[in-house]
Amino acid sequence: MKEFDTIAAIATSIGEGGISIIRVSGDKAIDIVGDIFVGKNNRELHDFKSYTMRYGHIIDKNESKLDEVIISYMKGPKSFTAEDTIEINCHGGVVGTNRILQEVIRAGARMAEPGEFTKRAFLNGRIDLSQAEAVIDIIRAKTELSMKSALMQSEGSISKEIKTLRNKLLSVIAHIEVTVDYPEEDIEEVTAEEVNKDVITIIGEISELLSTADEGKILREGLSTVIVGKPNVGKSSLLNALLKEKRAIVTDVPGTTRDAIEEYISIEGIPIKIVDTAGIRETDDIVEKIGVEKSKEKINEADLVILILDASNELTAQDREIIEYIKEKKCIVLLNKSDLGGKIEMEELKNLKSQYITNISVKTGEGLNYVKEHIKDLFFNGEIKTEGVFITNNRHKQSLIRAKENLESSLEALRHTSAIDLASIDIRSAWINLGEITGEALEEDIIHKIFAEFCLGK
């Protein structure tokens, strides 16, 4: 356990609601809350038992009652932060909640920094860094599947895999060092061939974890999808159809959509961020021109582009310009207004290198079910997995890549020199790379940066 001062913050969303919670954590939590709490029978909290609650009122320095509250106590190390923690449950509302927090601060607590409660749980050894990072993923989860994945990580699914790999590497390193440093001892020596075999096995296991990273990133952040096409071709109507609500304004006037509209939908638990963009065309309208430029920015950032073309008319110069602009992106082509007859030749779409070209009618709903099937084929090989360990964090992915590269370097050293002591240098580096994921080998400033992304009170 590390020694910290006592911190406090509002742990619930600020605003009108039934209940707000002010969390206080640190060795002076009971003394601080005891100074401002008056219980039903007495105001002393020295006999407050862990995992119990008390009813009473919070008072200010003039002993005026601020609110009727229930306080709960969790004695460290059996708390989220592994410190003494008190939670004040008061009535929801901005004014009352902030007023109670002010009294907690006046009584001796310090305002917590973003993510400081979770950071203390990590620094006190209750959770490792990958579990701590999963907390923010749980808060930001967009679907049940992304929530499930984050919850598994918070319970140690990633940590278990990484610790197993590190232990295997540590065993290889130990065998090498014993062979090199104590040749006179009666210990079975490890050969370059044995080290080579062990390293190849571990590289395979790391590669298997890395193979989940693309799907994991989508689980965590959502699949960034942009709807593009010339003005008045049906982009906003498609967004409304996919959302099953009228989110975007639809008119017969070209250029109605001036700014990008972002919404989330779920495809079998996968969060899909869909962006309806302004129609790409040459225009003298300053506002519309800004919208067109923003559309191009969104296209460049997108994982997937959905191109809508008017199948009832031949391709125009505007259509061809858009096709040229998106030809290197992963793309689904929807030929809208197919119920009015098709006048677009497939040969004209060959530059897109997309096999996902579908006739649809946004008006009737024909063909819209294929959009979700195409997304599953493009990014999940036709099947969305709901079980297993996913690498969802880009920092974890980078550490795994570096570990794999170092292990491959150790194989090169063995291949050219058969010197196991040289190989052990790269193997040790890989062991450190993996330790960065759980926080066992990470610089302090990076840890601060990670927790700075958290919200207050968590």
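Let me begin with Glu-116, which lies in helix α3, residues 116-123; helices here are DSSP runs of H or I of at least four residues, strands are E runs of at least two, and both are numbered from the N terminus. This is a predicted model, in which local features need pLDDT of at least 70 and side-chain atom pairs count only at pLDDT 80 or more, while totals for chains, interfaces and linings use all residues. Residues are numbered from 1 along each chain as its sequence is written, and side-chain values use heavy atoms, with hydrogens and water left out.

Is Glu-116 buried or exposed? Glu-116 is buried, at a relative accessible area of 9%; buried means under 20%, exposed over 50%, and partly exposed in between, with a 1.4 Å probe and protein chains only. Beyond residues up to four places away in sequence, Glu-116 touches Ile-7, Arg-110 and Lys-458, contact meaning heavy atoms within 4.5 Å. Its C-alpha atom is separated by 9.4 Å from that of His-448, 332 residues apart along the chain.

I turn now to the nonpolar cores. Such a core is a set of buried Ala, Val, Leu, Ile, Met, Phe, Trp, Tyr and Cys residues joined through side-chain atoms within 4.5 Å. The largest has 30 residues, and Leu-238, Ile-272 and Ile-375 touch the most other members. Elements giving two or more residues to this core include α9 (235-243), β10 (270-276) and α12 (369-380). Leaving aside neighbours within four places in sequence, Leu-238 contacts Ile-227, Ile-306, Ile-308, Leu-334, Val-362 and Leu-368. A second, separate core of 29 residues includes Leu-165, Leu-209, Ala-213 and Leu-407.
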